[in-house]
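Colleague: I am new to this structure and would like to go through it with you, one question at a time. Could we begin with the surroundings of the DNA?

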Number of protein chains: 2
Amino acid sequence: MLEIRHLRSLIALAESGTVSAAAKRVHLTQSALSHQLRAMDEHAGMPVVRRKGQGVELTEAGRRLLAAARAVASEILDAERDLARIAGRAGGELRIALECHTCFDWLMPVMDAFRRAWPEIELDLVAGFHPDPFALLAADRADLVIGSEPGRRRGLVHAPLFRFEILAVLPTDHPLKTKQWLEAQDFRGQTLITYPVPEGRIDLVRRVLRPAGVRPQRRTAELTVAILQLVASRRGVAALPNWGIKNYADYGYVLARRIGKSGLWSELYATMTEDVAAQRFAADFVATARARCFETLDGLEPIERPSPAAHQKVSSGQSNR
Amino acid sequence: MLEIRHLRSLIALAESGTVSAAAKRVHLTQSALSHQLRAMDEHAGMPVVRRKGQGVELTEAGRRLLAAARAVASEILDAERDLARIAGRAGGELRIALECHTCFDWLMPVMDAFRRAWPEIELDLVAGFHPDPFALLAADRADLVIGSEPGRRRGLVHAPLFRFEILAVLPTDHPLKTKQWLEAQDFRGQTLITYPVPEGRIDLVRRVLRPAGVRPQRRTAELTVAILQLVASRRGVAALPNWGIKNYADYGYVLARRIGKSGLWSELYATMTEDVAAQRFAADFVATARARCFETLDGLEPIERPSPAAHQKVSSGQSNR
DNA sequence: ATATACTATGAGGAAATTTCATAGGATTCC
DNA sequence: GGAATCCTATGAAATTTCCTCATAGTATAT
């Protein structure tokens with residue numbers, strides 16, 4: 001029997017293009033998803049996907065089912081929102097603070113979508129950037145902080161959003177352009193253009209340069225476009241999330257290079273106090289953000305192990321759950 | 001996690017009003033459905049149903065979920081039809097013959113609905129009534145016969161539609177009006193008004209009167225309304241499906257009485273040849289008929305123990321074990 | 001008050017789903 | 001053209017989920 005779980009998997013599959021990636025998205029193994037697909041084939045009486053080079057492609061039947069899946073998913077989502085509303089405590093507010101400047105790029109559409117779904121919730125963006133956004137939670141000046149995991153503090157809940165790669169951004173005629181990927185030493189003598197935040201909050205510095213004893217000069221800019229402009233005009237190099245620069249790199253405005261052989265990856269979490277996390281609309285905000293980002297942004301990875309003592313499995317292989 | 005099976009159960013529950021009846025409809029035990037409901041309560045964070053006298057009533061949350069369930073169900077149904085179309089690529093025809101005259105009452109709307117869903121299938125009603133409609137299948141003059149189960153013949157598939165009660169119909173001033181239920185002897189000396197079919201095809205005669213040696217006079221009429229007119233004008237008594245007479249009885253035009261202490265029940269099946277049953281649109285016709293009848297007609301019971309072969313072939317529905 | 005019709009619940013078992021382990025197919029890179 | 005790398009498929013074992021059975025509980029009606 002066809003169930004919603006199959007439909008969800010199908011959506012993930014359509015959006016990620018491979019069974020393995022889709023499996024991660026729905027927190028299953030590739031094998032489980034493969035079995036699910038076979039079940040769907042059987043149910044439909046014909047193949048729903050066909051193998052297509054690296055990955056897999058929906059057949060006509062698959063596309064028809066996908067349409068149904070999307071319709072069903074949105075129907076369910078609406079219903080759950082209404083349920084939450086019925087559960088009472090209409091009204092509320094959600095004040096969001098950002099640790100990460102680039103997040104502006106995707107936050108606005110997410111906020112719009114959320115406002116449409118929860119008109120009765122007052123949604124605010126805490127203005128300005130703060131040295132320690134997580135302090136805003138304690139000070140009750142924000143309800144939700146979007147940032148990397150700040151270590152475990154009591155009373156705080158971390159909802160995983162996604163993993164993404166941080167790429168080095170170079171002017172198109174930079175001497176390092178020939179390298180496939182950069183290492184710490186390559187940054188020696190460069191000017192690093194960053195957002196105006198403490199060094200410790202910049203992943204490249206904290207996790208790559210500082211351990212290697214490299215301390216490039218810094219220069220700051222508030223906006224992503226400003227940073228890119230500075231890079232393009234050869235005032236220095238930057239390190240930015242791949243989704244934030246994809247368009248510029250594709251267009252040839254700047255170059256993007258991997259940092260380290262397997263890349264420099266970072267994670268984003270939504271951090272809330274426990275009582276905020278208990279509210280359904282907060283959970284829904286996180287879900288909306290996740291869904292929208294995976295749909296819109298490129299090269300995102302789900303965070304496999306959301307909670308305690310995250311054992312990072314670097315090697316390939318199917319470990320999950 | 002909420003699944004389609006929960007939504008289907010919810011629909012059945014809303015349409016039948018009690019957990020037990022709904023359970024039968026979805027081929028589960030009352031217990032299983034009760035567990036499902038508890039799971040839904042949990043998922044919704046509040047009760048979905050509340051007990052209400054004999055039976056159960058949807059809460060506001062339940063009603064909201066029901067709406068989602070209906071939307072999802074129709075979405076899935078449409079998708080499956082399209083899948084069948086994609087698989088089939090062909091038109092086809094479905095010639096329907098009726099064993100049971102009264103079935104006209106519900107068949108027309110079902111045919112309309114089916115035509116809307118399968119415009120490319122030519123749908124015909126085999127004209128006139130035949131002494132042995134099942135012979136029409138063998139003669140390839142019909143593809144599907146709606147009637148009671150004609151015993152097991154090879155090459156034929158029986159898809160269960162529903163169980164219904166046959167009630168005795170009396171004029172409002174009939175001497176038997178005081179009895180709660182009638183027995184065979186009560187029919188002695190009465191005139192029995194029936195459709196023009198052989199005695200053996202009339203359940204009341206075959207299963208009640210003949211075994212008791214009672215042989216009332218017979219008089220026939222083609223249409224249900226004609227039979228009711230004759231009864232109302234005291235020309236005799238009749239035995240008709242409860243759904244066919246409910247309106248007339250409620251309105252006080254005739255009286256309806258149970259036959260035997262626990263009633264005289266009959267079953268309706270759609271009988272097809274194997275190759276017809278294999279076609280998806282045929283299965284869908286049966287599903288449409290079932291759904292529509294349970295929704296529209298009163299006092300229907302699901303057929304608990306569908307003949308194993310028929311069930312396998314036809315209902316794309318739940319496994320029942 | 002007792003019969004009746006319905007629902008709730010816990011335990012045990014059956015069934016479906018997931019994972020594990022592995023094989024096999026395609027593509028890319030020297 | 002082989003090695004490396006990604007990807008998917010599949011059978012069997014393991015796990016989780018779901019269903020049924022047995023029975024208790026609750027409301028309604030007679």
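Colleague: How many nonpolar, polar and charged residues does the surface near DNA strand D have?

Modeller: Please keep in mind that this is a predicted model. Around DNA strand D there are 24 residues, and the closest are A:Thr18, A:Val19, A:Ser31, B:Ser31 and B:Ala32. By class, the surface near DNA strand D has five nonpolar, 15 polar and four charged residues.

Colleague: Which element gives the largest share of the surface near DNA strand D?

Modeller: The elements that give two or more residues to this surface are α2 (19-25) and α3 of chain A, together with α3 of chain B. The largest share, which is six residues, comes from α3(A).

Colleague: And from which element does the largest share of the surface near DNA strand C come?

Modeller: DNA strand C is surrounded by 28 residues, with A:Ser31, A:Ala32, A:Gly53, B:Val19 and B:Ser31 the closest, and these residues divide into six nonpolar, 16 polar and six charged. At least two residues each are supplied by α3 (30-44) of chain A and by α2 (19-25) and α3 (30-44) of chain B. The largest share, again stated as six residues, comes from α3(B).

Colleague: Turning to the two protein chains, which element gives the largest share of the side of chain A that touches chain B?

Modeller: In this model, 22 residues of chain A are in contact with 23 residues of chain B. On the chain A side, the elements that give two or more residues are α1 (4-16) and α4 (60-86), and by class that side has 15 nonpolar, one polar and six charged residues. The largest share, 13 residues, comes from α4(A).

Colleague: Within chain B, what is the hand of the crossover from β3(B) to β4(B)?

Modeller: Strand β3 (residues 92-98) of chain B runs parallel to strand β4 (residues 121-125) of chain B, and five bridges join them, with B:Gly92 having B:Ile121 as its bridge partner in β4(B). Between these strands the chain passes through helix α5 (residues 104-117) of chain B, and this β-α-β crossover is right-handed.

Technical notes:
Residues are numbered from 1 along each chain as its sequence is written. Chains are lettered from A and ligands numbered from 1 in the order in which they are written. This is a predicted model: local features need pLDDT of at least 70, side-chain atom pairs count only at pLDDT 80 or more; totals for chains, interfaces and linings use all residues. A residue is near a molecule or strand if its C-beta atom, placed from the backbone, lies within 6 Å of it. Helices (H or I, at least four residues) and strands (E, at least two) are DSSP runs, numbered from the N terminus. Ala, Val, Leu, Ile, Met, Phe, Trp, Tyr, Cys and Pro count as nonpolar, Asp, Glu, Lys and Arg as charged, and the others, Gly among them, as polar. Two residues are in contact if their C-beta atoms, placed from the backbone, lie within 7 Å. Two strands pair if DSSP finds at least two bridges between them. A crossover is right-handed if, with the strands pointing away from the viewer, the path from the first strand over the helix to the second runs clockwise.
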